[in-house]
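Here is a brief report on one chain and its ligand. The sequence and structure come first, then the reading.

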Amino acid sequence: MKVTFKIQRFIPENDTKPSFKEYVVEAQPNTTILDCLNDIRWHYDETLSFRRSCGHAICGSCAMNINGKNGLACQTHIQDLKSGVITVKPLPSFPIIKDLVVDLDKFYEKFNKIKPYLINDEPVPEKERLQSPEQQKLIEESTTCILCAACTSSCPSFWADDDYLGPSALLKAYRYIFDTRDTAAEERLSIVNDKHGVFRCHTIFNCNEACPKDINITNHIAKLKTALVTTKL
Ligand code: SF4
Ligand code: FES
C-alpha cells in the first residue's frame, strides 16, 4: 500500500524556520516508521536527516514525535497509527540541529549531574557486591531505560523550565539511590532536591505515556519525593 509521510524539515544553512515536506512510500502494515524513513532517505531524498542505530528498540537514538506522540521510529509500525497521513517531527522542546535531529547536550549534562554510576569506596569484596532478589527488584524496572529522551521531551514541567532535571535524569537518580550497593544516596538526594529538581514534577504522567519501555517513571519520581521528605539530609 502507499503511505504518505509529512515530515518536518529544517536545514539551518537554508531555512529560517521549519516546514513540512510530503513523501509517498510503499509499505506493509508491519513496516516500521524507521524502515520508511530509511526508504525515503535512500531512494527519494538523501538530504533527510534522522538518528538511528540498532533498529531494535535498544539504543534509544530514533526517538521522535510520530502523529503527535513521542516514541521510537523502529518500534512504531504503520498499523499502530490511525491517521492516513503520518506526521513526523523531531522530539519537542529540544533545539533542532537538522530535520529530525535534536541537540541532546543539555539532556546529557543533567544526566551527568546526578552521577549515573555506582559510588562505593568500601573495600571490594572477593567476589562481587551481592544483592538479594528483593533488593534487585527495587531497581529492576529503572535499569531498563535506554536514554531515548522521549519522556523528558513530553514533560510540560520541562517545557516550562528547561533547567528542570526531567523524568529521565530523575529515573536514573532513583536507579542509584535505591541500589543497595551504592553509598551516595544522600548526595544524590541533595542533588535532586534542587529548585529544578524532583519537586518540579507535577505528576502529569506524560512521561509514562511516552516511554517505549513502559517504565512507570512517575511512580519512581514519587518514591524519590517520599525518600526526600523522610530522610534527614
Ligand atoms: S525512561 Fe523511557 S522514555 Fe525516558 S529516556 Fe528512559 S526509555 Fe526513554
Ligand atoms: S534505532 Fe535504536 S532504538 Fe530505534
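## A starting point

Where is the place of Phe199? Phe199 sits in the loop between helix 7 (185–192) and helix 8 (206–210). Helices (H or I, at least four residues) and strands (E, at least two) are DSSP runs, numbered from the N terminus. Phe199 counts as partly exposed because it has 16 C-beta neighbours inside 10 Å. The cut-offs are these: a residue is buried if 20 or more other C-beta atoms lie within 10 Å of its own, exposed if 12 or fewer, and partly exposed in between, with C-beta atoms placed from the backbone. Ile221 is 22 residues from Phe199 along the chain, and their C-alpha atoms are separated by 9.0 Å.

## Model and conventions

This is a predicted model, in which local features need pLDDT of at least 70, side-chain atom pairs count only at pLDDT 80 or more, and totals for chains, interfaces and linings use all residues. Residues are numbered from 1 along each chain as its sequence is written, while chains are lettered from A and ligands numbered from 1 in the order in which they are written.

## Overall layout

The chain has 233 residues, and 35% of them count as buried. It holds 9 helices and 7 strands. Its C-alpha atoms fill a box of roughly 60 × 40 × 30 Å along the principal axes. Take the contacts with a separation of 6 or more: residues 24 or more positions apart account for 65% of them. Contact here means C-beta atoms, placed from the backbone, within 7 Å.

## Two domains

The chain is divided into domain 1 (2–102) and domain 2 (105–230). These bounds come from an automatic or database domain assignment. Over C-alpha atoms, the centres of the two domains are 29 Å apart. Ala, Val, Leu, Ile, Met, Phe, Trp, Tyr, Cys and Pro count as nonpolar, Asp, Glu, Lys and Arg as charged, and the others, Gly among them, as polar.

## Strand pairing

Strand 1 (residues 2–9) pairs with strand 2 (residues 19–26) in the antiparallel sense, over 8 bridges. Pairing requires that DSSP finds at least two bridges between the strands. Ile7 has Lys21 as its bridge partner in strand 2. Strand 1 also runs parallel to strand 5 (residues 85–89), joined by 4 bridges. There, Lys6 has Thr87 as its bridge partner in strand 5.

## The nonpolar core

The largest nonpolar core has 55 residues, of which Phe5, Leu170 and Ala173 touch the most other members. Such a core is a set of buried Ala, Val, Leu, Ile, Met, Phe, Trp, Tyr and Cys residues joined through C-beta atoms within 7 Å. Helix 6 (residues 166–177) provides the largest share of this core, 7 residues. The core lies between domain 1 and domain 2, because both give residues to it.

Which residues does Leu170 contact, leaving aside neighbours within four places in sequence? They are Leu165, Val192, Val198, Ile221 and Leu224.

## Around ligand 1

Ligand 1 is surrounded by 17 residues, the closest being Cys145, Cys148, Cys151, Ser168 and Cys211. A residue is near the ligand if its C-beta atom, placed from the backbone, lies within 6 Å of it. By class, the shell has 14 nonpolar, 2 polar and 1 charged residues. Helix 4 (150–153) and helix 6 each supply at least two residues. Helix 6 gives the most, with 3.

Cys151 lies in helix 4. Cys151 is buried, because it has 29 C-beta neighbours inside 10 Å. Beyond residues up to four places away in sequence, Cys151 touches Pro167, Ser168, Cys207, Ala210, Cys211 and Ile217. Glu134 is 17 residues from Cys151 in sequence, yet 27 Å away, C-alpha to C-alpha.

## Two positive phi values

Most residues other than glycine have a negative phi. Asp99 has a positive phi of about 45 degrees. Asp99 lies in the loop between strand 6 (96–98) and strand 7 (101–102). Lys115 also has a positive phi, near 55 degrees. Its loop runs between helix 2 (105–113) and helix 3 (133–140).

Buried or partly exposed: which describes Asp99, and which describes Lys115? Asp99 is buried, with 24 other C-beta atoms within 10 Å. Lys115 counts as partly exposed, with 16 C-beta neighbours inside 10 Å.

Methods. Contact = placed C-beta atoms within 7 Å.
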